[in-house]
Amino acid sequence: MGQKTVRFSDLSGQLITEDDALARIVVHDHPELGDSPVEFEALTDEAKVIEKAALRVAIVELHVPGEDEPRRVVIDAATFDALATDTPMNELLITARPARPARRATKTTSGGASSTSNSNSGGGGGGRINYATLEHAAEPHKGKTTDLEKQLVHDHFDKINDRLVAQGLRTISLADPEHVERYGLQDLASGLMPGQEALPIKELTSERDEDLPLDDIQDELAS
């Protein structure tokens with residue numbers, strides 16, 4: 001005698017027939033959920049209802065002074081966006097610096113004193129620099145120039161050149177074909193009036209100036 005398995009939706013208790021497409025629903029986060037994700041079996045239509053009811057949210061961490069652990073909260077995206085009253089949130093998200101890794105306290109071998117480490121520090125194992133930010137865009141580097149870095153240089157051309165001057169780095173010149181091509185500045189370069197001088201530049205190098213000896217940097221700036 002054969003056996004037939006009958007399945008029911010974990011959500012509604014409705015019978016799942018052979019003709020129904022079985023949907024698998026995995027719950028990763030819920031106020032009543034424990035430490036591990038769980039899953040349900042449900043009708044496909046029930047899964048589609050969940051998708052239609054989905055909200056646009058932002059998941060953020062709040063690092064409050066005086067508290068050791070951050071608070072992670074889920075907030076409606078529109079409500080979160082409305083907090084940005086000076087610059088639109090979409091622009092803030094593009095130009096904001098990358099989040100710093102959490103600092104971890106470690107005990108030393110000489111008396112239990114604690115120290116902190118940060119992968120973005122300038123030590124021997126420092127983290128990689130993100131050039132697709134206003135803080136580092138257009139600095140000389142060997143890697144590929146991303147579309148986001150090009151957009152930042154294009155939209156904040158004068159501001160970025162002012163920063164490069166303050167850092168003692170070569171500036172971006174609209175008269176340099178290599179710069180124009182690398183950062184997609186064709187429209188800005190074409191807007192130069194005949195005879196108009198572009199910003200003076202130093203020779204483009206494949207390495208950051210801070211990697212050069214101090215004497216070389218001083219000689220280069222003097223020239």
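The paragraphs below go from the whole chain to its core, then to a pair of strands, and finally to its salt bridges. The model is a predicted one.

The protein chain has 223 residues, and 23% of them count as buried. Its secondary structure comes to eight helices and eight strands. The chain exposes about 16900 Å², with carbon and sulfur atoms supplying 52% of that area. Among the contacts with a separation of 6 or more, 40% are between residues 24 or more positions apart.

Next comes the interior. In soluble globular proteins, nonpolar side chains tend to be buried together. Here the largest nonpolar core has 14 residues, and those with the most contacts inside it are Ala 138, Val 153, Ile 160, Ile 172 and Leu 185. Three helices, α4 (147-155), α5 (157-167) and α6 (177-183), each supply at least two residues of this core. The largest share, three residues, comes from α5. Ile 160 shows how parts of the chain meet: leaving aside residues up to four places away in sequence, Ile 160 touches Leu 134, Ala 137, Ala 138, Leu 152 and Val 153.

Helix α4 can be looked at in more detail. Its buried residues are Glu 149, Leu 152 and Val 153. Viewed down the axis of α4, these residues fall within an arc of 95°, so they line one face of the helix. An α-helix has 3.6 residues a turn, so residues three or four places apart point the same way. The cover over the buried residues of α4 includes α3 (89-95), α5 and α6.

Ala 138 deserves a separate look. This residue is found in the loop between β8 (114-117) and α4. Its relative accessibility is 0%, so Ala 138 counts as buried. Most residues other than glycine have a negative phi. Ala 138 is not a glycine, yet has a positive phi of about 80°.

The strands show another pattern. In a regular strand the side chains alternate between the two faces of the sheet. Strand β3 pairs with β4 (residues 38-43) in the antiparallel sense, over six bridges. Within this pairing, Val 27 stands opposite Val 38 in β4.

What remains is the charged side chains. Side chains of opposite charge can pair when their charged atoms come close. The structure holds four salt bridges. One of them joins the side chains of Glu 39 and Arg 24, at 3.0 Å from N to O. This pair links distant parts of the chain, with Glu 39 in strand β4 and Arg 24 in strand β3, 15 residues apart. Arg 24 is exposed, with a relative accessible area of 62%, while Glu 39 is partly exposed, at 45%.

Another salt bridge joins Glu 67 and Arg 71, at 2.4 Å from N to O. Glu 67 counts as partly exposed at 33% relative accessibility, and Arg 71 counts as partly exposed at 43%.

How deep in the protein can such a pair lie? The salt bridge between Arg 163 and Glu 139 has an N to O distance of 3.3 Å. Arg 163 lies in helix α5 and Glu 139 in the loop between β8 and α4, so the pair ties together parts that are 24 residues apart in sequence. Arg 163 is buried, with a relative accessible area of 17%, and Glu 139 is buried as well, at 0%.

Terms used: Residues are numbered from 1 along each chain as its sequence is written. This is a predicted model: local features need pLDDT of at least 70, side-chain atom pairs count only at pLDDT 80 or more; totals for chains, interfaces and linings use all residues. Side-chain values use heavy atoms; hydrogens and water are left out. Helices (H or I, at least four residues) and strands (E, at least two) are DSSP runs, numbered from the N terminus. Buried means under 20% relative accessible area, exposed over 50%, partly exposed in between (1.4 Å probe, protein chains only). Contact means heavy atoms within 4.5 Å. Accessible areas come from the Shrake-Rupley method with a 1.4 Å probe; for residues, only the protein chains shown count as cover. A nonpolar core is a set of buried Ala, Val, Leu, Ile, Met, Phe, Trp, Tyr and Cys residues joined through side-chain atoms within 4.5 Å. Two strands pair if DSSP finds at least two bridges between them. The arc is that of the directions from the helix axis to the C-beta atoms.
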